[in-house]
Amino acid sequence: MLQSIKKNWKTYALFVGITLFIGALSAFFSRGGMEGFEENVTQPPLSPPMILFPIVWTALYILMGIGASRVYLEGAKIGKSRCLNLYVVQLVFNFFWSLIFFNAAAYGFAFIWLLLLLGLVILMTVCFYKTDKLAGLLQIPYILWLLFAGYLNLGIWLLN
């Protein structure tokens, strides 16, 4: 993998950079809804401190970008464009979840949106895996985090 990154570093930088930018933009637009969130919203058990979220999301966005880069670099493989389309669509869903959850405080709708996002990410992961095994495996932490986020989202919806 390191050899591929050295050879194609511009592609990796572009995909990782775009993915991080989308995540940062989402955080920027939802920052108002995040202020005082921990103090004003009843949290379910196992809720981590808010400082953990940007750290985890940064790592996940990097893994997403690396995975998408690997799929993009696969040449003319059948299904590559479908994988990259799924990548873009899930990124759009990812972007809007924060706005729905934090800004609109529409916890029930955000939970349904998160389930749709999870489905898209699973489809993307399978597609990535069929194109490049490592690209697919790199998405497993994202799926696990979305499952945990789903638990938190559902808990907040039920408790508030």
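Both Arg70 and Asp132 are buried, and these two residues make a fitting entry point to the structure, which is a predicted model. Their side chains meet in a salt bridge, with a nitrogen-to-oxygen distance of 2.8 Å, and a search of the whole structure finds 1 such bridge. Because Arg70 lies in helix 4 while Asp132 lies in the loop between helix 6 and helix 7 (133–137), the pair ties together parts that are 62 residues apart in sequence. As a general point, side chains of opposite charge can pair when their charged atoms come close.

The 21 residues of helix 4 should span 30 Å at 1.5 Å a residue, and the C-alpha atoms at its ends are 30 Å apart, which agrees. Among the buried residues of helix 4 are Val56, Trp57, Leu60, Tyr61, Met64 and, towards the other end of the list, Arg70 and Val71.

Two of these names, Trp57 and Met64, return in the largest nonpolar core, which has 38 residues; they belong to the group with the most contacts inside it, together with Tyr87, Phe101, Phe128, Tyr142 and Leu146. The elements that give two or more residues to this core are helix 4, helix 5, helix 6 and helix 8, and the largest share, 11 residues, comes from helix 6. In soluble globular proteins, nonpolar side chains tend to be buried together.

Although Ile78 and Lys130 are 52 residues apart in sequence, their C-alpha atoms are 9.7 Å apart in space.

Just after helix 5, Ala105 takes a positive phi of about 50°.

Helix 5 also takes part in a covalent link. A search of the whole structure finds 1 disulfide, and this is formed by Cys83 and Cys127, whose sulfur atoms are 2.1 Å apart. Since Cys83 lies in helix 5 and Cys127 in helix 6, the pair ties together parts that are 44 residues apart in sequence. The link of Cys83 and Cys127 is left-handed, with -90° about the S-S bond. Cys83 is buried, with a relative accessible area of 0%, and Cys127, at 8% relative accessibility, counts as buried too.

Together with Leu137, Ile140, Leu144 and Leu147, Tyr129 makes a nonpolar surface patch of about 460 Å².

How values were computed
Residues numbered from 1 in each chain as written. Predicted model: local features only at pLDDT ≥ 70, side-chain atom pairs only at ≥ 80, totals over all residues. Heavy atoms only, no water. Patch = residues over 30% accessible without salt bridge, like charges linked within 9 Å, V, L, I, M, F, W, Y side chains within 5 Å. Areas by Shrake-Rupley, 256 points an atom, 1.4 Å probe, with all protein chains shown as cover. Salt bridge = Lys/Arg side-chain N within 4 Å of Asp/Glu carboxyl O. Disulfide = S-S within 2.5 Å. Helix = DSSP H or I, 4+ residues; strand = E, 2+ residues; numbered from the N terminus. Buried < 20%, exposed > 50% of the residue type's maximum accessible area, 1.4 Å probe, protein only. Expected span 1.5 Å × (residues − 1). Core = buried A, V, L, I, M, F, W, Y, C linked by side-chain atoms within 4.5 Å.
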